[in-house]
Amino acid sequence: MTVSGEGEFAKTRLPGKQKVAVMMKGFMSVFLVLVAVSSSWGKPEKSTPQVQKRVPQTLSRGWGDQLIWCQTYEEALYKSQASNKPLMVIFHLDDCPHSQALKQVFANNKEIQKMADEDFILLNLVFETVDKHLNPDGQYVPRIIFVDPSLTVRADIIGRYSNRMYAYEPNDIKQLLANMQAAKKLLKTEL
């Protein structure tokens, strides 16, 4: 009986070994597939030289979505000093028809957008700041003030109105362009 018992035992062990071998092959196949897939995750993508497209920002509030806008006055002052570029601060209100009209002309003028992008640090505000130098002749909108990288408010760069010296209307775009040029030129000659 021992012989037949060994035979029975040997017969039952052999299929078990085959089952284990089959299971091991299955686990190894799954393991190799997982290794192959996970190794592709760690590879850097091939980079092709492209112009990096800017993501539109909500900070623009419609004044130029492709432009880079600062979130706070303090951030804008810091960036102005660090980059040695003048700061352009635009005060406006979302529900003001004069602000809306100026915003539309500002955002659609390619020359202003190009100059703003290349030569200025930009900030648009729908609230007043604690810096009283930014409202030298009152709190009204729309109002555009230029600030030098030396943190000097450029009170000498004004619009065409004597009662609202920093106000601009849609038909004042040429004046705004001239003032932007003046802020750039004065920055280079004064510093």
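In the predicted model, Met88 stands opposite Leu122 in strand β2. Two strands count as paired if DSSP finds at least two bridges between them. Strands are DSSP runs of E with at least two residues, helices are runs of H or I with at least four residues, and both are numbered from the N terminus. Strands of a sheet pair through backbone hydrogen bonds, either parallel or antiparallel.

The model is a prediction, in which local features need pLDDT of at least 70 and side-chain atom pairs count only at pLDDT 80 or more, while totals for chains, interfaces and linings use all residues. Residues are numbered from 1 along each chain as its sequence is written, and side-chain values use heavy atoms, with hydrogens and water left out.

The sheet is open and holds three strands in the order β2-β1-β3, with mixed pairing. Strands β2 and β3 (143-147) form the edges, each pairing on one side only. On average, neighbouring strands are turned by 15° against each other, direction ignored. Helix α2 (residues 73-83) packs on this sheet and touches β1, β2 and β3. The direction of α2 makes about 165° with that of β2. Contact means heavy atoms within 4.5 Å. Axes are lines fitted to C-alpha atoms, for helices over the stretch in contact, and angles run from 0 to 180 degrees between N-to-C directions.

Strand β2 (residues 121-125) is mostly covered, with five of its five residues buried. Buried means under 20% relative accessible area, exposed over 50%, and partly exposed in between (1.4 Å probe, protein chains only). In a regular strand the side chains alternate between the two faces of the sheet. Both faces of β2 are covered: Ile121, Leu123 and Leu125 are buried on one side, Leu122 and Asn124 on the other.

The chain contains five helices and three strands. Their order from the N terminus is α-α-β-α-α-β-β-α. Of the 191 residues, 33% are buried. Among contacts between residues at least 6 apart in sequence, 68% join residues at least 24 apart. The chain exposes about 12,600 Å², of which carbon and sulfur atoms supply 61%. Areas come from the Shrake-Rupley method with a 1.4 Å probe; for residues, only the protein chains shown count as cover.

Cys70 counts as buried because its relative accessibility is 5%. Cys96 is also buried, at 11% relative accessible area.
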